[in-house]
Amino acid sequence: MFRFHKSLDVIQLFHKAGSPASTKVVNLLKQISAAASETATEDQASNHSAQTSNRRDVFELTVTEEPPTTDQLTTMLDYAGQSGIPSIVNGATTTTEALRLFKQNADNLKRPVVVDWNNGKIYAGTEESAILKMLNALPPKN
C-alpha cells in the first residue's frame, strides 16, 4: 500500500543577532532539532526503546534575522490571539495597532519569536519550558 508521508512541521524563529536571549533560544531549538533527527535515524534493528519512547518528532527549523512580512505578522497575531498581541509587538494591544507599530519600526517586534506555522502556535520569549511544551505538542507523523 502506498501512502504519502506528511511533510515536516515548520518551526521558524525570528531571531535578533547580538541578543543573548535570542541566541539562547536559537541554541535550544538547534539542540532539540538535532536530538530529534538523531533518534529518528537510529538503526531500527537495534533496541532503542529508552531513547525513542520519549522522543519528539523531527521538524524543519528555520532561523531568520529578517522581520516577518506583513502577512506573516498578521498570521502570527491571529495565532497569539487578542491577549497575546502585547507579547509579540511592543506597545500594541490590537492587531491594527500592532501592524501600525511594526510598519513604523520593525524593531517593535519582540524577538525571539518561535512560530509553528503548521499547527498555528506562537511563543515570544525565552522560557525554555514554554518552548518545549509547544514542540512536545507537535502531532506525530505517520
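Which residues are exposed on the other side of H4? They are Thr 96, Lys 103 and Gln 104, where exposed means over 50% relative accessible area, buried under 20% and partly exposed in between, with a 1.4 Å probe and protein chains only. The structure is a predicted model, in which local features need a pLDDT of at least 70 and side-chain atom pairs count only at pLDDT 80 or more, while totals for chains, interfaces and linings use all residues. Residues are numbered from 1 along each chain as its sequence is written, and side-chain values use heavy atoms, with hydrogens and water left out.

**Overall layout and confidence**

- The chain has five helices and four strands, where helices (H or I, at least four residues) and strands (E, at least two) are DSSP runs numbered from the N terminus.
- Along the sequence these elements follow the pattern β-α-α-β-α-α-β-β-α, and 37% of the 142 residues count as buried.
- The accessible surface of the chain comes to about 8300 Å², of which 49% belongs to carbon and sulfur atoms; such areas come from the Shrake-Rupley method with a 1.4 Å probe, and for residues only the protein chains shown count as cover.
- The average pLDDT, which is the predictor's confidence in each residue from 0 to 100, is 85 for the chain, and 80% of the residues score at least 70.
- Over residues 41–45 pLDDT stays under 50, and the model has four contacts beyond four places in sequence for them, where contact means heavy atoms within 4.5 Å.
- Over residues 47–55 pLDDT also stays under 50, with eight contacts beyond four places in sequence.
- Where pLDDT is low, the predicted coordinates should not be read in detail.

- In helix H4 (residues 95–104), the buried residues are Ala 98, Leu 99, Leu 101 and Phe 102. Seen down the axis of H4, they fall within an arc of 165 degrees, so they line one face of the helix; the arc is that of the directions from the helix axis to the C-beta atoms.
- Helix H3 (70–88) is included in what covers the buried residues of H4.
- In helix H5 (residues 128–136), Ile 131, Met 134 and Leu 135 are buried. Viewed down the axis of H5, these buried residues fall within an arc of 95 degrees, so they too line one face of their helix.
- Ser 33 is found in helix H1 (residues 20–40) and counts as buried because its relative accessibility is 14%; leaving out residues up to four places away in sequence, Ser 33 touches Phe 59 and Leu 61.

**Nonpolar cores**

- The largest nonpolar core has 18 residues, of which Leu 73, Leu 77, Ile 88, Val 89, Leu 109 and Val 113 touch the most other members; a nonpolar core is a set of buried Ala, Val, Leu, Ile, Met, Phe, Trp, Tyr and Cys residues joined through side-chain atoms within 4.5 Å.
- The elements that give two or more residues to this core are H3, H4, S3 and strand S4 (121–124), and the largest share, six residues, comes from H3.
- A second, separate core of 14 residues includes Leu 13, Val 114, Tyr 123 and Leu 138.

**Strand S3 and its partners**

- Both faces of S3 are covered, with Val 113 and Val 115 buried on one side and Val 114 and Asp 116 buried on the other.
- Strand S1 (residues 9–14) runs antiparallel to S3 and is joined to it by four bridges, where two strands pair if DSSP finds at least two bridges between them; Leu 13 stands opposite Val 114 in S3.
- Four bridges also join S3 to S4, which run antiparallel, and Asp 116 stands opposite Lys 121 in S4.
- The hairpin of S3 and S4 has four residues between the strands, and Gly 120 in this hairpin takes a positive phi near 65 degrees.

**Loop positions**

- Pro 112 lies in the loop between H4 and strand S3 (113–116), and a cis peptide bond with omega of about 10 degrees joins Arg 111 and Pro 112.
- Glu 65 is found in the loop between strand S2 (59–64) and H3 and counts as partly exposed because its relative accessibility is 49%.
- Setting aside neighbours within four places in sequence, Glu 65 is in contact with His 15, Ala 17 and Arg 111.
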